[in-house]
2 protein chains.
Amino acid sequence: MPRLVDAPSNIQVLRASNLLNSLSEEDLLNLAAASSMYHANRGEIVWMRGSDVSFFGIVGVGFVKMLRSTASGQDVTTEVMGPGQIFGLLGAIEGCSCPQTAQAVCNTWLLKIDKQRFLDIYRENVVLKERLLSRTTGRLRTSYDMFARMSTGHVSQRISTILLMLADSYGVDTGTSIDLEIPLTRQDIAEMAGTTVETTIRTLSNWQKRGLISTQHKRISIIDLGEIQNLQH
Amino acid sequence: MPRLVDAPSNIQVLRASNLLNSLSEEDLLNLAAASSMYHANRGEIVWMRGSDVSFFGIVGVGFVKMLRSTASGQDVTTEVMGPGQIFGLLGAIEGCSCPQTAQAVCNTWLLKIDKQRFLDIYRENVVLKERLLSRTTGRLRTSYDMFARMSTGHVSQRISTILLMLADSYGVDTGTSIDLEIPLTRQDIAEMAGTTVETTIRTLSNWQKRGLISTQHKRISIIDLGEIQNLQH
DNA sequence: TCGAGAATATGATTGCCATCATAGAATGAG
DNA sequence: CTCATTCTATGATGGCAATCATATTCTCGA
């Protein structure tokens, strides 16, 4: 499979992380040396839930989704990580295996960072701890928010919530529309909204006919943001 | 309204918190002096979402639920806090208002702790920061887990998940059954499961007829744990 | 360029669950 | 003890969405 994009450098990816870029130059170089760039093909499982890996990851180029399998076998996506975002770090610090599965949404370059080397730096760095707490608090808040929205309401409300969340994180405002940078299939969106592919397709098709969004394969653009927001009520 | 239970002492409640009990005796007494015991009647709003309060709380006796109102006006309960548990702390540290509403599930004694006094202690205490991160990480994990279970599956699966979660936190194993210590109405459970009262009543009635649970007013006992767990599949 | 496979699309049908309506039971405050 | 109020219970009904089935379109790699 072709690697459409060149690999970024280790240090480049580390600097792009707004959690780690507070580290000293020395620590950054140290970490860069203890890391390895890895290319994951679309759909590739970066790691499986419960497996004990010696690294955590930062997305360099591309996107990784974190998902859980429910008892009934259905996959549910909890988060989508983009460039500069870290995944699997909390498991590394707590010393337990990551409870989620990480899967590449598209062809992705990611930096695998050695847990041990990071922990050596982490243990002595109070600022890093504070930042991490702040980041974790934010995620917790978002999670509760999504939880409240997802556990109630109709499918169209849930899907609109997902679109708006994605637009918030990975949307590019072109003036006439907000384009989502992530190549997501209807299946991907269905897994986030906790519904089926068919229903997702029907919903998005309907919105497209009404001119609220436009889609070209896996690329979605929000045209009528106000109306999408209204759908949440 | 009668106060069925006597108020615990400030220091007693502080010691019951497994986050704060690592503090020095001096700090604990200091905090105790900056706190005030408060009695909330059943249904009373301890604080409203978005309001800026100068304290966070620890449950002494009773239970407090954290809830959010969705755009459609429906309330969703995200967490239930029992004796020794802290709520509103993250908002205090981040310096923003708590994004959730706190409401007493039953007549409850809670300790209101002054934010500022706590922050003075917090800032200098690395161990406390680590513990808080650990606690927050755990909550995040639980939240994602609930999210995955709640955003998919049938109502009976969702309600069984809620019962099991409650049993895990507040269940007392009597040998023949697991009794939930929290007095919850069907409405309360419905708000946690993201469904309606009627459906919750039907589901629980059905389980009671089948001998899986027994209920006496607001008290629920799980009789056939295995079968309730099976319902999740 | 072409073909296999993935992704999107759409119809038909079933069934779960929200909603509305109403009634009975239990609780607790005075 | 009593009554208002809250809580539980249950029926009837309609609609939304899951499921199954089947095309059609689109992508990407050979």
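Author: Let us begin with A:Trp47, which counts as buried because its relative accessibility is 3%, where buried means under 20% relative accessible area with a 1.4 Å probe, protein chains only. This is a predicted model, in which local features need pLDDT of at least 70 and side-chain atom pairs count only at pLDDT 80 or more, while totals for chains, interfaces and linings use all residues. Residues are numbered from 1 along each chain as its sequence is written, chains are lettered from A and ligands numbered from 1 in the order in which they are written, and side-chain values use heavy atoms, with hydrogens and water left out.

Reader: What does A:Trp47 form an aromatic pair with?

Author: A:Trp47 pairs with A:Phe55, at 5.4 Å centre to centre and 65 degrees between the planes, which is edge-to-face; rings of Phe, Tyr and Trp (its six-membered ring) pair if their centres lie within 6.5 Å, and planes over 60 degrees apart count as edge-to-face, under 30 as stacked and the rest as tilted. A:Phe55 is buried too, with a relative accessible area of 13%, and ring pairs join A:Trp47, A:Phe55 and A:Phe87 into a cluster.

Reader: Switching topic, how many salt bridges are there between chain B and chain A?

Author: There are four between chain B and chain A, a salt bridge being a side-chain nitrogen of Lys or Arg within 4 Å of a carboxyl oxygen of Asp or Glu. One of them joins A:Arg68 to B:Asp145, with the closest N and O atoms 2.7 Å apart.

Technical notes. Buried < 20%, exposed > 50% of the residue type's maximum accessible area, 1.4 Å probe, protein only.
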